[in-house]
Each structure stands twice: as structure tokens, then as C-alpha cells.
Amino acid sequence: MASKFINISLKVWRQKNANAKGAIETYKLDNVSTDSSFLEMMDQLNEQLINERKEPVAFDHDCREGICGSCSMYINGRAHGPETGTTTCQLHMRSFNDGDTVYVEPWRAKAFPVIKDLVVDRSAFDRIQQAGGFVSVNTSGRTMDANATPIPKDDADKAFEAAACIGCGACVATCKNSSAMLFVGAKVSQYALLPQGKVEAKDRVLNMVRQMDEEGFGNCTNTGACEVECPKGISLENIARMNREFLKAALSAE
Amino acid sequence: MSKSAILSSSIAKKYWMAITGLFLCLFLVGHLLGNLQLIFKTGEEGRRAFNEYAYFMTHNIFIKVLSYATYISILFHSADGLMLAIQNKKARPVNYVYNNPSANSSAASRKMAVLGSAILIFIVLHMANFWWKMKYSSDPMPIHTYVVSSTDQTGQPKTDTLYYTHTPSLQPIPTNPMIVVKNGTELYFKDVNVKVGDAYKDLHKIVMAFFGKSVNGAPTNEYALFAVILYVLAMAVLSFHLIHGFSSAFQTLGLNHKKYTPSIQVFGKIFAIIVPAGFAIIPVLIFLSR
Amino acid sequence: MSKLDSKIPDGHISQKWADYKNHLKLVAPNNRPKIDIIVVGTGLAGSSAAASLGEMGYNVKAFCFQDSPRRAHSIAAQGGINAAKNYQNDGDSVYRLFYDTIKGGDYRAREANVHRLAEVSGNIIDQCVAQGVPFAREYGGLLDNRSFGGTQVQRTFYAAGQTGQQLLLGAYSALSRQIGLGRVEMFNRHEMLEIVKVDGKARGIIARNLVTGELERHSAHAVIIASGGYGNVYFLSTNAMGSNVSAAWKIHKQGALFANPCFVQIHPTCIPVHGANQSKLTLMSESLRNSGRIWVPKKKEDAAAIREGNLKPKQIAEDDRDYFLERRYPAFGNLVPRDVASRAAKERCDAGFGIEANDTNEGVYLDFSSEIRSKGKQTAFAQGDQSPSDEKILELGKKWVEEKYGNLFKMYEKITAENPYETPMKIYPAVHYTMGGVWVDYNLQSTIPGCFVAGEANFSDHGANRLGASALMQGLADGYFVLPYTVSDYLADEIRTGKIPTNTADFDDAENRVRDTINKFLNNNGIKSVDHFHKRLGLIIWNKVGMSRSEKGLTAALEEIAQLKEEFYKDVFVPGSSDELNPELEKALRVADLIDLGHLMALDALQRNESCGGHFREEYQDAEGETLRDDEKFNFVGAWEYQGHDITKEILHEEKLKYDFIKIAARNYK
């Protein structure tokens, strides 16, 4: 792969802190290798800013291999940028052309308030998980043998596909309603598909949905944007499954 | 928990949208089948069929129940939808400076609330034009009469204007000063105050006149072209609403399956095109045949 | 050597842990709520420890610098987790896992710890399945296994190429449950910057709220450090950008010995470096070596032509390819342990056969074409097609590979813009894991009483080289099945202590130390970014304390690092203030510790005059370039004691390793 270098113009959301008013700032950045990842390009911008003794842009990032779910930029009007099935850290500058203007904004949702620049608070996801995203089994290791309950491969695979969610919040960011249904649907589905999770299925779905609503996420209108932008390709089937689980639970719970 | 979950949770609100929406789809089918009487049968036959249909729709007890369910559905679907739209708006207090939603979703899916509101406005106008006139207007509704040409005993051609009545086996009731109309459609002998039959309201005539076609020389709507265009536009809006709404309702109800969902989606698309097109073609044809 | 009491219990190796557990002290359930425990780090070890201790009834406070405990870097582990379940009926057993791990670690790990690890390995799988971890399964509904390097059995459980993610989410779900129940208090976006000792015991930490910048005091009766490894000392590694040594280094500075810092694992299959702005390296799971064959061209001119872009790998004839691992290690072939595979790749590239067109020509091929053909044929036959066409074979083969490694192939394509189904992957070794870490005894307690260290942050189980799929095993073993017992044993004497106040001189001192350091950086008014120094540090360590080390290089490294340290404190520029989210400040604090740690690594590598596992000293190799261990002089754990700002003054303590149940032998994978 032959490296190419491009010059770009960046329009980045800058916001001092949660209470400050933010605005878009424009930066010129030259000699960006097309083999660089988007975050490496941001590193380059920050290095430039530091050399100009300006404050670098704050953004969340960690593993830089598409699995931790930290990175969270809304790039040119799309969560994680123009490629599908990709996190920002795996987006490469070869997706951009010389002379491009690139908008970089934080996730926007009431439930994800901006902390600084491009950094948002996604702890709402943690609280949803705490409301029921688990199997209530003690950690003693004194459970039954792992192979005591065979699980149909198809169910196990589907549970895995749902569990592949990295909790990045792209679904919320891209949804015009800031709905968290894909995230919650994936969690509910993972456990609903496995025999270990079925025991608590009713309480789980009711509690997680209640918490989701309390956090101020919007409602799902099935636009399907989340599925398209999800870096892990989590399917809308998971939302449908949650809807089924919810109906079962709401109708039968006492 | 379960009570509040059924009533107030975000998913429950979506259920109600889906259930009422699908019910309204059924209503659309019924309504369309009726309306098609306007074009499938022509002349007096079509007129009769349509007015009979209109009568049936306003008097059958089963239909009545259904129609109340329809009104409630429309109200609920609108109110619930409005509530959801407001909540959804609130869920993102600060918007993106630069957004490119068309990259990942269809315009129809994103504009459901706007499309729905437009449809609601249309429904209000539509009901004011036809349904309200039919049921509650203080202006007397025109009565369905028809002209029969025959020869009298002398062999001279003559025309009689007769009421189209519910009891066609009886002697035809002519329109003459001997007969008076009471309570909108009841026909009485003026002199003895005896009811001789029930006439039909002539909704057909109103519809035809509204869209510019004169029946038996009746005056027509001078804005008929405008009405036709508006009607067709409204049906286009409905089509977009259904293109997303139909399959979306299944997804909301949890009816998503690899095997069946593609078919539901295709059916939904066809439904969303055929049904509004069916509605839209009627005024166009009426207008063209004026 | 009173400093290093490993507290290994007596008895037969297979009974030690069971007997020991039976005699540990307990804390009664009614007393547990009176006791506070701090857990720093929420990876596999931290999450599982916090969840288990919370569940037992202790008051747990858990800390992570990420925005959610679920993002700890355990999440990035790909290939799998070992367990001696013998589900595949290929002769596996607890002993064999124990043996493989000791041998894989080149006889530099503690027997008793490793055996305990092997013993609890099966429980981990049971536990995870019960928690709803969706492991890969066979069509019969039972769990699937695959092979990993350094073993001849299939004992690795996996969830596609995302095993670490699934296990961490399992532990995170257990942790979330405890948080929801109010038994664990979670502090996201908090970084531990100091440990507080009271009367010599660990009694709390100073943590910085990374959002507000506030320094917080947290007290506890015991502190557990599960903060991961120090691979980021190399700047370029497969670690997450935030991974750091600070928590471990802070306790080192307060008296915890740091063991075997020179034992670092260089993973053979990573995507090669592309350029100067690269920020990290991406691992391609070891599991790929199950199916891929590693080669370079036999002729130097072919390698050169490939680098220049004049030749494609597919154009190299089979006979002109050097499958160097299969050639050198016929018994294990492409599945030799990581250190061996890495060195072999380096040897070929140093000899001029590298195929990557970057500054150093460092890269070899990992080729799936043979596997695609053979699996394609198998699948066709299984489908009843006895004479499949070539296209059919390729199609089915690619499908098979996709099912097994789809996400890895996708990831590779995203990063390199090359399709690994069509052309071989280019790979090269990169820093991946650190076997060294804080010295702990059998209880996982450091030399600071009340300060326990778990997971990659401690040194305990992997010796000089870790086998694939063992890191996940160790993290969860420590957190779920070891710490709950040993920490309780320690805490049994603390039930009368009562709440530990934070308004004391010890906390004042600790907080002031942190505040001074922060202020120093912010007022430094230097000229160069933190990354500038971090990259330079990385280059020094990679070149001189990397895959191959020499006395000359290490001596030079010591000087260069000392020089770098001086420059760093003089010239580093940290923008912003202390009372806000300030990523540059966070980095500066971490890099300061990494520089010291790097220094200690070089020191440790220099004293270890032998080659073992990941530690390869050029002076100590046999005629074929294999490692030469010195079991006479160096069969010890080297644990360093901090002596102040000048790292060269650190004192080495030796814990002799005794092998009573395993016969020490040369490590042979031929």
C-alpha cells in the first residue's frame, strides 16, 4: 500500500466543559498520511496545537482496535464517519481526499451530555446494565459443569452476535430520536437467547427498559439507522426480540 | 410495574402506535373498496352502489363499532405519535451542526411525524367535506333521485323523477308535491302523513360535484381541480407514511424473522403504493370524466 | 531473604491450594460490611475481584480511568482462554496445563501458583457459562475448543476472535450486578495516583477525578491493584493508549518490590508498522496460526522485489518459499510459543528476507491459502460433493475461514486495505504482554501488607513467557477464585479496626505528593509534547530492550533513558489546568512512571545473564540461535526494591525457584 499524503480542513466542536457554550473551530492540517487512522490524524492535530501552545482537542479513545468502544466521534454527519461497520479508530484517512473539509462533533443526546470537546458521558449505559444486564449467579465457580446444558449452536451464535456490542453509543448518536433500543435490545437478546438468562428474563427486560426510559433516551421509530452505523453490525432483530420479551413480561408480570 | 409498563414505557407507546396503525391500514382497505364503487360502476348503477355503501357504512351496527374503533385509533395514533415526537425531540436538545442522516435511513422513516401530521390535517378536511356533511350538516343532504324514461298510455315518451329507496319492490315513489321528506331521508305522503319509504342520501352527487363532475346538471365545485390536486398530494403523503409504517409496525410488535420479514417488507411497500394510488385515482378519473 | 517470603504452602502440589484454603482465616458475614476494599482497575482481574468481594458482603470501591469499567483492555484479547477440561479427549489434564505453562514460561514461574491456576481453570469456564458468556459451540450444543501455541492439546475456549470481550463483559455484568445492589461503588474516569500507607499497611489511595481534576481520598482496609501491564513503555504496542504502569509503579515507590521487569512478551502476529504517526499496533490473534502458515521468500532478490512492489506474494512458487517455523520446529510448526515465533521472524528479517515496505523492512507472511484449500475440500466432501471444482473449493474454504476468523480478517482489511482471503497477511512481532510485574506471594499480596496485586499487574504465573490464552485465565482465576480467599484471610485481623479516617497526616502527605507532581508538570513551561518523549522512550526500549538484548545495548539504554528522563522533566509541555479534563496531564503523569519503569527493565535485563523466554540476550544462545538458560545462576525471580529518584540504585532481591514436581529441561519445540 503506497502511502499518500493529503491536506485537510477540520471543523471540530470545541467546548471547555459541560456548562460552557461550545462552537465549531476550524483547523488546517497538512501532510496527513492516508495510512493513518482517524485518531492518529487527531493526534497529529493535537501535536500541532500543542506546538502552537494551544489546548489540544479532548476525545475518548483507548484500544484503537475497534473493541473497547471508547471512541465516539460524529464525522461528516455520521457516527464513526463515512465507512460502515467501523469504529473511528479503525477509520483510515484513505477514506478522505486531499482538500476535504471534515466535521468532527461529539455524540449528541440528552442522555450523553458533553463533558469536554468531543468527550461525552455515557454512564447511562452502565446504569442500564446495572438495572438488569446480568445473570444473578454468584461468582463461586460452584455452578454446574459448563457442558451440562447443551445450547443449540444457532442460539449461541445469535447470543454472541448480540453480545458483540461494544457499547460505543453510535446507535444513540445516529438515531434521530437518540434512542438506545439497539444497545438495550442487544443486551436483552443475549440473555434471552441463552438458557442461563431465561430464568430472569421478565424482570430483566422490564427493569432495563425502565432504566433506559429514565435516562432520557428517545423512542425507537425503526428508521434502521442504528443498524447501519453499528460498528459491530448488531441487527434490528434484537430490538424486535426485546419488544417480544417486553410484551411477554409486561402482560404476565404481577 | 406491569401496569405502568403497559401504559407508559417507551416500548408500550410503540406498541400502541403499531396496533392502531395496523388497524388503520385495515380501515384503509375497507374504505378503498367502498370508494372504488365510484369508478368501477358507472352511471346510475355506480351511484346506487356508492350511496348504498355510504348508507351501509353509517347504519350497520358492526360497522359502527368498527368506525368508533377507527376514530379512537386515529385519535390515539395521533396523540401517541405526537407525544413520542415531542419526547424524541427532547432526547436531543443540541443538534448536530453537520448531519447526514440520508446515509443510513430513508427520508420516509425519519419524517413519520411530519407525514402523520399532514395526514391528520387531511383527515380533518376530508371529514368536514364528506363525513360531516353526510351525518350532521344542518343543510339538507341531497336525496338520491333518478329519472326514468318511459312512454305513457298514449305512447308519448315521458320522464319520471323517482326516489331511490330502500324498498325497491314497492311502487316507485316519484318526486312530486305529494311526497315530503322528513328527518333527512324518510318519505311521507303529505296528506295522510304516512311513511312510504326511505330514500338514500346522495353522497355520490356531493363527491362528484366536489371533484368537478356534474350529475344531472347539478352545480359543481368551482375549485375542483384544486381539490383533486390536494387529494392526490394527500395520498402521496399517506403512501410515504405507509412505506415505513407498515413494516415498522411488525418490527415494533416483535414480528421480525429472517424468513418472513423480507416478505412483510415487500408486501408493505406494495400496500403503501397500491392503496393510496387506488384512492388517488378516483378523483382524478372523476375530474377527467367531467 | 526476609523480604521475599513467598508463603508457598507445604504438601503435594495437587493438594497445596485445597489444604491451604481450608486453613485460611475467614471473616464472618456480619463483619464484612464493616470492611472497605479498594480495587484499582476493572479488567478481568479487577472486575471479577470487585464483583466477588462485593458479593461476599465487603464494601468495595472500584476505580477505572476509562469512562466505563467495560472498556478495560482485557476487552481486546482475541483468541481464547485455556482450561484443563479435556472436553476434546486428547489427554489434557490439570497437570498437563500446569506443565505446559511452566515449560512455556521457560521455567521461571512458581510451581505452586501455576498449579493453582491450572486447578481453577475449569471452574472459570463453568462460571462464565453460568454468567451467559456465549462461547463458541459445536453443532451438538457443546463447547468448542481450538489449539494455541506451545501445546499439543485443544484446550482453548473461545468466542470468535472476541473472547476477551465476552469474558470481560461477563465479569462486568457480575460487577454491574453488585453496583446495582449497592455493594460496589464504582468510580469511572478516576485514576489512582498514590497509595496511602498507615503504619506500614496499605490503607487507601489518592485518586484524581479525571473530569473535575479533583484529588480524592479513599480509605480502605485493603487495596487491590489490578491495573494491567506496562507494555506501553514501548509506545508502540498492542496495549490500549491508556494502559499504564502508574498504579503498580506508585506502590513500587512505596515499598512493593517489582519483579522480572525485563520479561516482556513480543507477540509474533501483529500488523507491521506503517509510518511515523502510528499510535499503536494491532494484534492478529494467535489462533490464526492454527490455520495460517508463516513464510518469507527463500531468495533475497524475491523479498526485495516484493518490497519494491514488483512482485506479488502469490507469484512466489511454493519451492521458493521458506516456511521457517515449520523448517526449524517440525514438531510444533507454526504453533511454537510466542517468543520462539517472534524471534524466528526477526531472524529472517534481520537476514534481509523481510517483505514489508516500511523503514525497517520488517514483515513476514501469514498465509491462509493452504488452509482455504484443505478446508474447502473437506467441506465439499462433507456436503457430498466428491469431485468439487476449484472455484467451489475456494469458495467453501473462504467461507470456513470466515466463520472461524471473520472479524479478524475484516479488521486486517480495514487497517491495511488488503484482502487477506486473496493475498497473505503481512505480520510482524509487537509488544503485547508483560510477564513481569509487582512481586506477590502465594496470597497475591505484595511486600506492602494489605496491598494485593492481580492479573497482568503481578508477576506470578507466566515466568519468562506466557502461553497464548493464559492471560484471561490468570486474570479471572486471581479475581474470582484466589483473592476472595486470601484477602479475607488478611482482613480477618481487621474486623476491629473500624473505619479508616482520611483526615490524617498520612493522607495529607500522599495528596501533597500528587499535587506537587501535577503542579510541577503544569508550571514546567517546556517546549515538547508528552508524546514526543514517549515515542523516544519507546524507540530506545524497542531497539535495546526488545526482542533481542545485549550488554552493550542495555548499557547504552541505561544512559539514554537517564538522559531522556532529565530532558523530560526539563522540556515537557503540559497545556491546560489541573481542575478539568486534561488528557495531556494524564499522559505526562503516566509517561513519567513509564520512563522509570523502562529504566528498571534495562537494569533487570542487564543483570539477567542468560536467555530465557521473552528475554533473549545475544550473548547467550546456542549454535542454532535458540535461548540458553542458566539454571544454576538465574533460576530466581528478580525483585527490585525502590531506592529513590535514581533508578540505578534499586536493590535486587532474589526469590529462588524450586521445582519439586517438574523436571527442568531445555525447552524444546523441535
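A salt bridge is counted where a side-chain nitrogen of Lys or Arg lies within 4 Å of a carboxyl oxygen of Asp or Glu. The model is predicted, so that local features need pLDDT of at least 70 and side-chain atom pairs count only at pLDDT 80 or more, whereas totals for chains, interfaces and linings use all residues. Residues are numbered from 1 along each chain as its sequence is written, chains are lettered from A in the order in which they are written, and side-chain values use heavy atoms, with hydrogens and water left out.

**View 1. Salt bridges between chain A and chain C.** Six salt bridges are found across this interface, among them one in which the side chains of A:Arg122 and C:Asp67 meet at 3.2 Å, N to O.

**View 2. The side of chain A that touches chain C.** Here 74 residues of chain A are in contact (heavy atoms within 4.5 Å) with 84 residues of chain C. About 6,400 Å² is buried between the two chains, 50% of it on carbon and sulfur atoms, where buried area is the accessible area (1.4 Å probe) lost by two parts on being put together, summed over both. Of the area that chain A buries against chain C, A:Glu65, A:Thr139 and A:Lys153 supply 11%, more than any other three residues.

**View 3. Chain B against chain A.** In this interface 37 residues of chain B are in contact with 51 residues of chain A, and about 3,600 Å² is buried, 55% of it on carbon and sulfur atoms.
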